[in-house]
Amino acid sequence: MTTTTPVWDCPFHHTDGLEFDPLLKRLLTEAPIARIRLPHGAGEAWLATRYEDVKVVTTDRRFSRAAGIGRDLPRMTPAPIAQAEAINLMDPPAHNRLRRLVAQGFTNRQVERMRARTQDVVSGYLDEMEEHGAPADLVRFLSSRLPLHTICELLEIPPEDRARLRTWAVAMMRMGPGSRKGQEEAKAGLRGYFTELTAARRADPGEDLISALATARDGDELLDDQELAVMAMVLLVTGHDTSTYQLSNITYTLLTHPEQLAKLRARPETLPQALEELLRFIPFRQGVGIARVAVEDVELGGVLIRAGEAVHVSYLTANRDPAVYERPDELDLDRGAPTHMAFGHGQHHCLGSHLARMELQVAIGTLLRRFPRLRLAVAPSELDWDSGSIWRFPQALPLAW
């Protein structure tokens, strides 16, 4: 690294529908390993944007998330989102131990057992939407309800508590002026709630996922009380937040790409593959997530990163890397491999990805079957896109059929 490395000022606040952030595109093209300055945190960081470089940073143990604990690392939000005890800030072997314990209560088989129940819930929501009549807001009738309902059922969160937890989850992901206080209060509220709930489940376990985690052993080890509380909190937030927005984003993207939608309607059995391409294509968040720290000097993509320096990755640009995807900026539902990074990569690959995929398959598949003439009820230019969250999504998605 030399002192002449240019520093890119990166607000990463592109709110024009689901258009790909032109700054991210420039970085991928012009400075694939870039020195960047983010809206919050101290100092600067490196940003890796190419698919292969992102794979290295997310799998090479010389890049550590735990090494950033206690540091004011460059980030998107006023307050850091992750908790010090959370699995998403751990490195192996602590990370592996916790992930093994979580996996015992969160398997593919268990998710598949939920498919029939999820289908019933989706059908009920769409009954209500049809009864309401067009135009109807998909966010109100489906997107804001299904993922929250599903994860709360898994965790056995009492129905009367769910709206409050959702409000806190939304507040945690806000960015921009004046959002820090709400972020910190939301984190404290969630942590307090799950500290009490997990203690109760440990004392009197039931059949839910929290109880399974409270009693799951890795050898002789149980999760300690703080690990259990923070793990339940992470599962609640990550288990519904992005899926909520992606239900709307995927529907919007299909309805604004009629040729691709027609292709899917002609061959509905290709829905799982189509959803993978939609997840690759949609820029579902603003900027970057949690930084890692180099624990020794590392050469990455021809750039020397010094020990102690912060490194971010962009899964969004990795999903649009022309070295990996032909015509990366086109939506092509016939596209096959390689694997996208919408659920992350490496040891911090999303634990709930199979749950999210199941929900999306059931919800989008049912929506398209139920409403063969589904369309936007307003012009795309009339939609109101959220501008204060790390996530990108329409505030409402009025549909007709």
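This is a predicted model: local features need pLDDT of at least 70, side-chain atom pairs count only at pLDDT 80 or more; totals for chains, interfaces and linings use all residues.

Modeller: Let us begin with Thr 118, which sits in helix 5, residues 115–132. Is Thr 118 buried or exposed? Its relative accessibility is 4%. The cut-off for buried is under 20%, so Thr 118 counts as buried.

What does Thr 118 touch, once neighbours within four places in sequence are set aside? Its contacts are Leu 146, Met 358 and Val 362. Among contacts between residues at least 6 apart in sequence, 74% join residues at least 24 apart.

Of its 401 residues, 56% count as buried. The accessible surface comes to about 16900 Å². Carbon and sulfur atoms hold 52% of that surface.

Now the aromatic rings. How many aromatic pairs does a search of the whole structure find? The search finds six. One of them joins Tyr 193 and Phe 194. Their ring centres lie 5.1 Å apart, and the planes stand at 85°. That makes the pair edge-to-face. Tyr 193 and Phe 194 are both buried.

A stacked pair is formed by Tyr 245 and Phe 393. Here the centres are 3.9 Å apart, with 10° between the planes. Where do the two residues lie? Tyr 245 belongs to helix 12, residues 241–255. Phe 393 is in the loop between strand 10 (375–376) and strand 11 (398–400). The pair therefore ties together parts that are 148 residues apart in sequence. Both Tyr 245 and Phe 393 are buried.

Step back to the whole chain. It has 16 helices and eleven strands. Its C-alpha atoms fill a box of roughly 60 × 55 × 40 Å along the principal axes. The radius of gyration is 21 Å. A compact globule of 401 residues would have a value near 21 Å, so the two agree.

Last, the charges. The chain has 47 positive and 54 negative side chains. The centres of the two sets lie 1 Å apart.

Conventions: Residues are numbered from 1 along each chain as its sequence is written. Side-chain values use heavy atoms; hydrogens and water are left out. Helices (H or I, at least four residues) and strands (E, at least two) are DSSP runs, numbered from the N terminus. The radius of gyration is taken over C-alpha atoms; the globule rule is 2.2 Å times the number of residues to the power 0.38. Buried means under 20% relative accessible area, exposed over 50%, partly exposed in between (1.4 Å probe, protein chains only). Contact means heavy atoms within 4.5 Å. Accessible areas come from the Shrake-Rupley method with a 1.4 Å probe; for residues, only the protein chains shown count as cover. Lys and Arg count as positive and Asp and Glu as negative; His and the chain ends are not counted. The place of a charge is taken as NZ of Lys, CZ of Arg, CG of Asp or CD of Glu. Rings of Phe, Tyr and Trp (its six-membered ring) pair if their centres lie within 6.5 Å; planes under 30 degrees apart count as stacked, over 60 as edge-to-face and the rest as tilted.
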